[in-house]
Each structure stands twice: as structure tokens, then as C-alpha cells.
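Dear colleague,

Please find below the structure that I am handing over to you.

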Amino acid sequence: MTRKMRGDALLFFSLLVLSDAMPSGKIGVNYGRLGNNLPSAGQSIESLRAMKAGSVKLYDANPEILRLLAGTDIRVSIMVPNYEIINIATNQTSANKWVEDNVLAYHPETMIRTILVGNEVLSYCSDEGKRMWNHLVPAMRRIKISLRAQDIRNIKVGTPLAMDVLQTTFPPSTGTFRPDISTAVMVPLLKFLNSTKSFFFIDVYPYFPWSADPININLDFALFQSNIKYTDPGSGLVYTNLLDQMLDSVVFAMTRLGFHSIRLSIAETGWPSAGDTGDTGASIYNAATYNRNLVTKMTGRPPIGTPARPGLFIPAFIFSLYDENQKTGPGTERHWGLLHANGTSIYQIDLTGKRASSEYEPLPATHNDMPYGGKSWCVAAPDVNLTELEGALTFACSQGNGICEALTPGKECYEPLSVIWHASFAFSSYWAKFRSQGASCYFNGLAVQTTSDPSRGLCQFPSVTI
């Protein structure tokens with residue numbers, strides 16, 4: 001073989017490896033499993049294939065799921081759990097063992113293309129969380145070393161971060177990382193991503209900034225269907241949607257630290273299809289509109305990119321495959337799915353981007369695009385386990401602060417003497433007392449919000465104004 005032939009062969013091999021490591025150009029889906037009523041792994045993989053998902057992102061490296069994905073054309077992202085980061089960062093043998101157990105056992109039959117180390121690690125600000133910060137990049141390096149030792153070149157290593165890694169996001173040209181992580185964590189992370197040609201994985205949800213300020217942020221601007229054009233006064237770039245603004249704030253933050261070419265990948269995005277009374281804009285109409293328009297944007301040919309990165313393809317994963325009923329927090333947390341827990345579609349969506357909007361069936365009208373502005377109560381959900389409800393009642397009353405004082409014998413709310421009545425009062429009282437500190441009306445699925453006052457006679461239930 002001549003020198004030129006060897007050079008041509010090397011170039012061809014390099015391009016082949018690079019193209020195999022790159023995303024497929026199709027939309028991916030996050031497959032979370034925080035539910036006690038979800039379809040089997042086998043049914044879930046079939047749903048992903050029927051939906052023509054180009055890739056799937058797991059929050060672990062579940063053996064059953066990885067075996068079922070073997071032989072499919074679905075590209076797979078697996079995750080090192082947060083609790084394993086420190087051990088892997090300090091022990092190459094542990095990193096080697098993790099790769100052996102979770103990659104070599106399935107690769108290449110299962111198309112593992114990304115290993116994500118941790119999940120939103122830099123959002124944990126406790127002392128233990130900050131310990132993880134310092135071990136994040138070392139753990140990523142050790143995983144990469146393990147892959148190279150096995151001559152695996154088509155798997156990227158990254159870590160998904162939330163938008164709270166940024167100190168400023170608006171206007172996009174002012175994007176800056178938080179000072180507590182900028183030098184100590186972000187610079188080493190960006191050096192690693194740059195040197196390994198990996199992606200900056202970001203969880204980006206326009207729903208959150210919009211729902212926090214629906215008066216001043218136009219809903220259509222968040223849903224990709226506005227005629228509004230915003231010109232960034234610092235860069236002169238013109239924006240037509242909120243997602244691009246959020247993504248470019250990350251681009252400018254990286255540029256500010258001297259990294260101009262690290263590519264973005266959207267690890268999570270989406271819109272909730274339902275929620276609690278005060279969860280503004282959480283509706284099937286808005287969720288379908290956002291995700292359909294997202295698919296159109298991200299699958300466009302040629303790639304659209306963002307104003308700061310025009311023409312660049314951005315891999316994206318929609319969150320999530322299912323509504324997950326065991327997620328805690330506001331009601332929206334349990335309603336990000338494309339599918340109900342029984343596997344049926346919440347709304348129609350074509351992940352290939354080929355279906356015209358006119359071809360979809362009409363969507364139900366939305367009635368909560370502005371803040372509710374009224375009173376709400378937290379009561380026992382219907383048809384719940386009474387033993388579990390009694391446990392939640394005990395928990396709420398154990399928090400003190402007079403939460404259950406009105407339920408003591410002889411007091412105004414003691415009767416009727418039922419677990420459902422007492423739990424409903426306790427839940428409302430607890431929520432009213434602690435909502436300002438982050439408490440939600442959930443109680444492990446045993447409580448629901450209502451706008452109908454459950455008070456009776458002299459027993460007045462505490463309420464919250466939403």
C-alpha cells in the first residue's frame with residue numbers, strides 16, 4: 001500500500017468512526033422509570049421503535065433495557081449514577097469495572113453512543129453535593145481512559161447540566177457561569193469536552209422561565225410560533241424563540257471562558273401536559289405545540305442551529321417517554337410524558353418531523369395560560385389506600401406549628417371522625433403553613449389540589465392563594 005493509499009484509508013476510517021459517534025439526526029426520548037404503573041421494558045422499547053425515536057437516554061444502565069435494545073437502530077445514552085461518581089473518580093479499577101459491566105457486556109450489539117456521568121451534579125449545593133463537583137471531571141476522565149483501553153472510539157463522555165449553572169442568561173450575550181463553579185469546575189469540564197470532541201449536554205426548559213413570568217414573556221415566543229423578534233443589544237443577534245435565547249446564553253458563557261467551538265446537545269426539554277391548579281400553561285395543547293415545533297426545528301434540513309451557532313445540528317432528547325406518577329414536587333413533575341402510563345399517546349406527535357401540522361387531529365383548548373389568582377386547598381385524593389393515608393396524616397400532624405390542633409377532640413374540625421376528613425384538613429393546613437418553604441400538595445400521590453372549599457360549618461380549612 002502506498003503512502004497516499006494509507007493516508008486515504010486512515011482518513012476514511014477516521015470519518016467512519018466520527019460519523020458513527022455522531023447523533024443520528026433524529027429526535028431522542030428520555031426514558032425515565034419513576035412510576036409504579038409503567039409498561040414493561042419490552043413494551044417500552046417497542047413504543048420507542050413505533051414512534052421512530054432516533055435515540056433513547058436512560059438514567060442508569062439497566063441490563064434488561066440494554067439487552068432489549070440490542071439489534072435495534074436506536075442509539076443509546078447510559079448514565080453513571082451520582083452516588084458512583086466519587087468512587088470512580090478516585091479509582092481507575094472502579095471505572096474499568098463500570099465500563100466492563102455496563103458497556104462491554106452490551107456493546108456493539110446495543111448501540112451505546114454516550115455515557116453521561118451524573119445528572120445535574122452542579123445543582124446540588126449541599127456539602128456532599130459540592131464534594132461531587134470536584135470529582136465530576138476526574139470521573140469523566142477515568143471513564144474515557146477505560147473506553148480508550150478497550151479501543152472504543154465511538155462513545156462520547158459527557159454530563160448533563162441544568163440551566164442553574166448560569167449566573168446570567170438574559171440577554172443571551174451576557175451568559176455567564178456561576179462564580180462558585182466557573183473556574184473550579186467549568187474550566188476543567190470544558191477542557192475535557194473540547195479535547196475529546198464531546199458535547200455540552202444541557203437540560204433546557206423554556207416552560208420554567210415562561211411560567212415564572214407569563215405576563216412579560218410571550219407564550220407564543222416560548223412555543224416557537226411568535227412573530228416577535230428580539231434583538232440582543234450586546235451581540236445584535238435576532239431571536240424568534242425562547243429556546244434559542246437559552247441555548248445561546250450557554251454558548252456565550254462558554255465563549256467567555258475561552259471555548260468557542262464545543263457543541264451543544266439538549267439532554268432534556270419538553271413541556272408539561274397537566275399539573276396542579278397553579279401550574280400555569282401546563283396543558284395538552286401547549287405540550288403538543290411545543291414538542292411538535294421542537295421536532296420541526298431540530299430535524300430541519302439543512303440544520304437551523306441558533307443565532308449564535310447558525311447551521312449546526314443540535315441533538316435533542318424530549319422529556320419524557322411516560323408520565324411518571326412517583327416523581328415528587330408540583331403536579332407538572334408527573335406530566336411530562338409523550339405517553340400515558342398505559343402506553344397510549346397523550347397527544348399525536350411525529351418524531352421524524354415529516355408530518356405537517358395540518359395533518360394532526362385538533363387539540364383540546366387550554367384554559368390556564370394565565371396565573372389562576374384564586375384560592376386552592378389540598379385534600380385527600382380519591383380511592384387511595386387508607387393505611388397509607390393514615391401514615392401521611394400522622395406525618396403532617398407531627399410537623400407541629402398547630403397544623404392539626406383543630407383536629408383534637410372537642411375542637412371545631414374533630415368531626416366527622418374519618419381518616420379522609422382528618423387527612424384533608426391536615427394536608428391543607430400543612431400546605432398553607434409550609435408552601436412558602438417549598439412544600440407541595442402531593443404526599444406521595446395521596447393528595448390533590450381543589451378550588452372547591454372543603455370547609456364545613458365552624459371548621460374552616462386553611463387555603464393558599466395561587
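**Aromatic contacts**

Tyr430 and Phe443 are both buried. Please bear in mind that the model is a predicted one.

In total, the structure contains 22 aromatic pairs. One of these joins Phe208 and Trp336 in a tilted arrangement, with 5.7 Å centre to centre and 50° between the planes. This pair connects distant parts of the chain, 128 residues apart: Phe208 belongs to helix α8 (residues 207-212), while Trp336 lies in the loop between β13 (316-318) and β14 (375-380). With a relative accessibility of 40%, Phe208 counts as partly exposed, whereas Trp336, at 3%, counts as buried.

The buried residues Tyr430 and Phe443 also form an aromatic pair, which is edge-to-face, at 5.3 Å centre to centre and 65° between the planes. Tyr430 is located in helix α13 (residues 419-434) and Phe443 in the loop between α13 and β15 (447-450), so this pair ties together parts that are 13 residues apart in sequence.

Phe208 and Trp336 also belong to a cluster linked by ring pairs, together with Tyr205, Tyr207, Trp210, Phe224, Trp271 and Tyr290.

Two arginine residues deserve mention as well. The charged end of Arg292 is placed over the ring of Tyr360, at 3.6 Å from its centre. Arg33 lies over the face of Tyr31, and here the distance from the ring centre is 6.0 Å.

With kind regards

Notes:
Residues are numbered from 1 along each chain as its sequence is written. This is a predicted model: local features need pLDDT of at least 70, side-chain atom pairs count only at pLDDT 80 or more; totals for chains, interfaces and linings use all residues. Side-chain values use heavy atoms; hydrogens and water are left out. Rings of Phe, Tyr and Trp (its six-membered ring) pair if their centres lie within 6.5 Å; planes under 30 degrees apart count as stacked, over 60 as edge-to-face and the rest as tilted. Helices (H or I, at least four residues) and strands (E, at least two) are DSSP runs, numbered from the N terminus. Buried means under 20% relative accessible area, exposed over 50%, partly exposed in between (1.4 Å probe, protein chains only). A charge sits over a ring if NZ of Lys or CZ of Arg is within 6 Å of the ring centre and within 35 degrees of the ring normal.
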